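Welcome, and please have your viewer ready. We will go from stop to stop, selecting a few residues each time and looking at what is there.

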Amino acid sequence: MSQGPRSGLAAVSSALLAMSRHLEVRDVLKTIVASARELLDAQYAALGVPDDHGGFAQFVVDGVGEEQWKAIGPLPRQHGILAAMLQEARPQRLADVRKDPRFEGWPSAHPEMSDFLGLPVRDGDEVLGALFLANKNCVKPQGGCGFTEDDEELLAILAQHAAIALTNARLYERSRELTIAEERSRLAHELHDAVSQKLFSLRLTAQAATALVDRDPARAKGELQQVAALAAEAADELRAAVVELRPAALDEDGLVATLRTHIQVLDRAHTARVTFTSQGVRALPAAQEEALLRVAQEALHNALRHSGAQRVDVTLGKRGPGTVLRVTDDGGGFDPTTVRRAGRHLGLVSMRDRASGVGGTLTVDSAPGKGTTIEIEAPGG
């Protein structure tokens, strides 16, 4: 008996720590549901985040296989017990949910559920979602619920911390959306400056060629060759900007596939050779994947537009318990002692911020005429 409280406290502590490790809303929801099911030893768990139209904006389950989840069909509406938890904002503990007068049935592929424990996840007066468990793995009392009053209190504690984790994740995503908007604004400004300069040079060179056609055809031919070169450079600038503005498909494809596609497009769009290799890296938490992708994009931007590199190599691999992304170019390089002056121009400040934001480190190795290597190491993978 003396081992019970300590093991229970350790389980609660592990669940709360797991929730606090994630910043993406979807990751937080999954962790909440998995932690609740494990902590209370239930067969099924789910968490629904309501929308403003009588349905659920997000609905995460644990204990139901992917094929069965697909067979169940569309997300549930806010009705029956789910609606009661959202509207009345109080716990619901039932011996058999199917016998409750508010029960309205479920799809044919839905698993059978009996004893039920659910409660709202609240931030003050706002109901963020409904968390519920079904089918306690225990011997049920005759006509009673497998979930106990102690289970209800434990789930209430978990729900309070879940509300904090979910609120923090939402704030993080809003902050990230602002950052993305700022990056798009920067890209638009950069695109305007770069392409405007190219087009201005293009126009002047074309005018010079026109003036020379009659009196100096040889010089006119040279000017027209320069027009062709400037037009190609402007096209490269446009293609590269479109690539950077295109949203990364991290959620669907993962970091490795997203990087590979991104680098293949850059290799086609630029005269420099751009390569990518990856070995032994599994899926990372969403925040780490985004940080690695953004650092790669910034480093590639510097190498392809500012360094004069003929070759840029990107590698992704394991180092102990962490994942390392390295971007190496054979361009002009720079003196790291001047990094304070050049850092903001080269995006090094934002790259370091992204690395430290996920518990990682960024190192820069460069010298004039010796190229540059930028490396970010992040935990996980």
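Start by selecting Gly48 and Phe59: Gly48 stands opposite Phe59, which belongs to β2. Now widen the selection to strand β1 (residues 42–50) together with β2, and you will see an antiparallel pair held over six bridges. Strands here are DSSP runs of E with at least two residues, helices are runs of H or I with at least four, and both are numbered from the N terminus. Two strands count as paired if DSSP finds at least two bridges between them.

A word on what you are viewing: this is a predicted model, in which local features need pLDDT of at least 70 and side-chain atom pairs count only at pLDDT 80 or more, while totals for chains, interfaces and linings use all residues. Residues are numbered from 1 along each chain as its sequence is written, and side-chain values use heavy atoms, with hydrogens and water left out.

Next, bring up the whole sheet around that pair. Five strands make an open sheet in the order β2-β1-β5-β4-β3, with antiparallel pairing. The edges are β2 (56–62) and β3 (92–94); each has a single partner strand, so one side of each is left without a neighbour in the sheet. From one strand to the next, the twist averages 15°.

Which strands does helix α2 lie across? Select α2 (residues 25–39) and you will find it across β1, β2 and β5 (126–136), running at about 40° to β2. Angles run from 0 to 180 degrees between N-to-C directions, and axes are lines fitted to C-alpha atoms, for helices over the stretch in contact.

Now go to Asp100, in the loop between β3 and β4. Is Asp100 buried or exposed? Its relative accessibility is 12%, so Asp100 counts as buried (buried means under 20% relative accessible area, exposed over 50%, partly exposed in between, with a 1.4 Å probe and protein chains only). Beyond its neighbours within four places in sequence, Asp100 is in contact with Ile81 and Leu94 (contact means heavy atoms within 4.5 Å).

Move on to strand β6 (residues 273–279) and strand β7 (residues 311–319), a parallel pair with seven bridges. Thr277 has Thr315 in β7 as its bridge partner. Between the two strands the chain passes through helix α8 (residues 286–305), and this β-α-β crossover is left-handed. For comparison, a crossover is right-handed if, with the strands pointing away from the viewer, the path from the first strand over the helix to the second runs clockwise.

For the next stop, select Leu259, Leu300, Val312 and Leu325: in the largest nonpolar core, of 34 residues, these touch the most other members. Such a core is a set of buried Ala, Val, Leu, Ile, Met, Phe, Trp, Tyr and Cys residues joined through side-chain atoms within 4.5 Å. Helix α8 gives the largest share of this core, ten residues.

Finish with α10 (348–357), where Leu348, Met351 and Ala355 are buried. Seen down the axis of α10, its buried residues fall within an arc of 60°, so they line one face of the helix; the arc is that of the directions from the helix axis to the C-beta atoms. After α10 comes Gly359, with a positive phi near 75°.
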